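Please read the following points with the coordinates open beside you. They are meant as a colleague's note, to be checked one at a time.

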Amino acid sequence: MAMDVVDYEIKGAEMQFVEIELDPGEAAIGEAGSMFFMDSSIGMDAVFGDGSANQGGFLGKLLGAGKRLLTGESLFTTIYTNNGSGKQRVAFAAPYPGKIIPMDLAALGGTLICQKDAFLCAARGVSLGIAFQQKLSAGFFGGEGFIMERLEGDGLAFVHAGGTIVRRSLQPGQTLLVDTGCVVAYTPNVNFEIQYVGKIKTALFGGEGLFLAKLTGPGEVWLQSLPFSRLASRIFAAAPQNGGHKEEGSVLGGFAGGGLLGSILGGDDE
């Protein structure tokens with residue numbers, strides 16, 4: 001299936017959405033629950049997997065849906081098709097504060113590996129699959145587990161991540177050390193490994209945990225400043241525990257609930 005060539009506009013600051021313009025007959029695929037609004041001539045169709053051409057037949061669709069289940073996504077995606085005679089628009093919203101990144105897969109060599117839950121939407125024809133971490137250390141301690149998402153094709157895909165997004169171009173042999181939860185996506189030729197921080201004291205009191213992600217070029221890497229796991233842990237830590245009331249700014253209250261000691265020992269919960 002040839003990739004649909006779509007126009008788009010990303011709107012908003014902290015809570016962004018992407019608005020995709022479809023010509024008659026063109027379509028976009030969206031993650032379940034991501035649709036924001038659409039024009040009246042847009043038709044919706046929920047399908048197993050991603051609806052791409054490499055999922056021909058029932059078995060292919062079943063395998064595609066099973067891959068999505070392994071990444072923690074819904075068994076279904078939704079295809080939004082312009083059934084009208086003029087241009088129509090459909091918009092997809094980010095699920096939490098951060099940025100939406102347009103990924104031109106053709107310019108990236110046709111494949112992108114990204115964290116689970118990063119995919120938001122894409123032009124019809126982009127294939128959604130899985131990528132297994134080849135090294136046990138990366139799978140156990142990489143922050144995202146053994147299974148990541150693989151986007152393939154030559155069209156546009158849109159990825160969402162938390163906070164501010166940074167793109168780094170790594171030269172051959174160039175290495176970047178990153179907090180494990182901050183890796184959003186990378187091209188397949190980037191080598192992804194896990195490196196021990198080296199000192200127990202640093203691991204316990206530095207707030208960064210025992211391991212860092214080691215990314216070695218050549219290739220492209222995208223990083224996020226606010227992983228959702230970090231945001232969720234801060235919200236949980238600030239919430240009243242056991243129905244009680246947590247005093248804002250109270251050192252005594254922090255000691256009483258074990259919050260101060262816990263924050264010193266625990267660091268970011270990735």
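Is Phe36 buried, partly exposed or exposed? Phe36 is partly exposed, at a relative accessible area of 43%, where buried means under 20% relative accessible area, exposed means over 50%, and partly exposed lies in between (1.4 Å probe, protein chains only).

1. Basis of the note. This is a predicted model, in which local features need pLDDT of at least 70 and side-chain atom pairs count only at pLDDT 80 or more, while totals for chains, interfaces and linings use all residues. Residues are numbered from 1 along each chain as its sequence is written, and side-chain values use heavy atoms, with hydrogens and water left out.

2. Overall make-up. The chain holds 6 helices and 19 strands, both taken as DSSP runs numbered from the N terminus (helices are H or I with at least four residues, strands are E with at least two). Of its 270 residues, 43% count as buried. Among contacts in the chain with a separation of 6 or more, 77% are between residues 24 or more positions apart, a contact being heavy atoms within 4.5 Å.

3. The largest nonpolar core. In soluble globular proteins, nonpolar side chains tend to be buried together. A nonpolar core is here a set of buried Ala, Val, Leu, Ile, Met, Phe, Trp, Tyr and Cys residues joined through side-chain atoms within 4.5 Å. The largest one has 22 residues, of which Met103, Leu112, Leu151, Ala185 and Trp222 touch the most other members. At least two residues of this core come from each of S3 (27–31), S8 (98–104), S9 (111–114), S10 (119–123), S13 (156–162) and S16 (183–186), and S13 gives the most, with 3 residues. Beyond its neighbours within four places in sequence, Trp222 is in contact with a list of residues that includes Ile101, Met103, Leu112, Val184 and Ala185.

4. The open sheet. Four strands are arranged in the order S1-S2-S7-S4 as an open sheet with antiparallel pairing, two strands being paired if DSSP finds at least two bridges between them. Strand S1 (7–11) and S4 stand at the edges with a single partner strand each, so one side of each is left without a neighbour in the sheet. From one strand to the next the twist averages 20°, where axes are lines fitted to C-alpha atoms (for helices over the stretch in contact) and angles run from 0 to 180 degrees between N-to-C directions. Strand S2 (residues 17–22) and strand S7 (residues 88–93) pair in the antiparallel sense over 6 bridges, and Glu21 has Arg89 as its bridge partner in S7.

5. Ser34 is found in the loop between S3 and strand S4 (35–38), and Ser34 is buried, with a relative accessible area of 7%. Its side chain reaches the backbone oxygen of Glu31 at 2.6 Å. Leaving aside neighbours within four places in sequence, Ser34 is in contact with Ala91, Phe92, Ala93 and Leu120. Leu120 is found in strand S10 and is likewise buried, at a relative accessible area of 3%. Under the same exclusion of sequence neighbours within four places, the contacts of Leu120 include Val18, Gly30, Ser34, Ile100 and Phe158. The C-alpha atoms of Leu120 and Ala161, which are 41 residues apart along the chain, are separated by 9.8 Å.

6. Aromatic pairs. Rings of Phe, Tyr and Trp (its six-membered ring) pair if their centres lie within 6.5 Å, with planes under 30 degrees apart counted as stacked, over 60 as edge-to-face and the rest as tilted. The count by this rule comes to 7 aromatic pairs. Tyr8 and Phe158 form an edge-to-face pair, 5.0 Å centre to centre with 70° between the planes. Tyr8 lies in strand S1 and Phe158 in strand S13, so the pair ties together parts that are 150 residues apart in sequence. Tyr8 counts as partly exposed at 36% relative accessibility, whereas Phe158 is buried, at 0% relative accessible area. Phe36 and Phe37 also form an edge-to-face pair, at 5.0 Å centre to centre and 65° between the planes. Phe37 counts as partly exposed at 30% relative accessibility, and Phe17, Phe36 and Phe37 form one aromatic cluster.

7. An exposed loop position. Ser85 is found in the loop between strand S6 (76–82) and S7, and Ser85 is exposed, with a relative accessible area of 77%.

Methods. A polar contact is a pair of N or O atoms within 3.5 Å; within protein, one must be able to donate a hydrogen and the other to accept it, and residues adjacent in sequence count only if both atoms are side-chain atoms.
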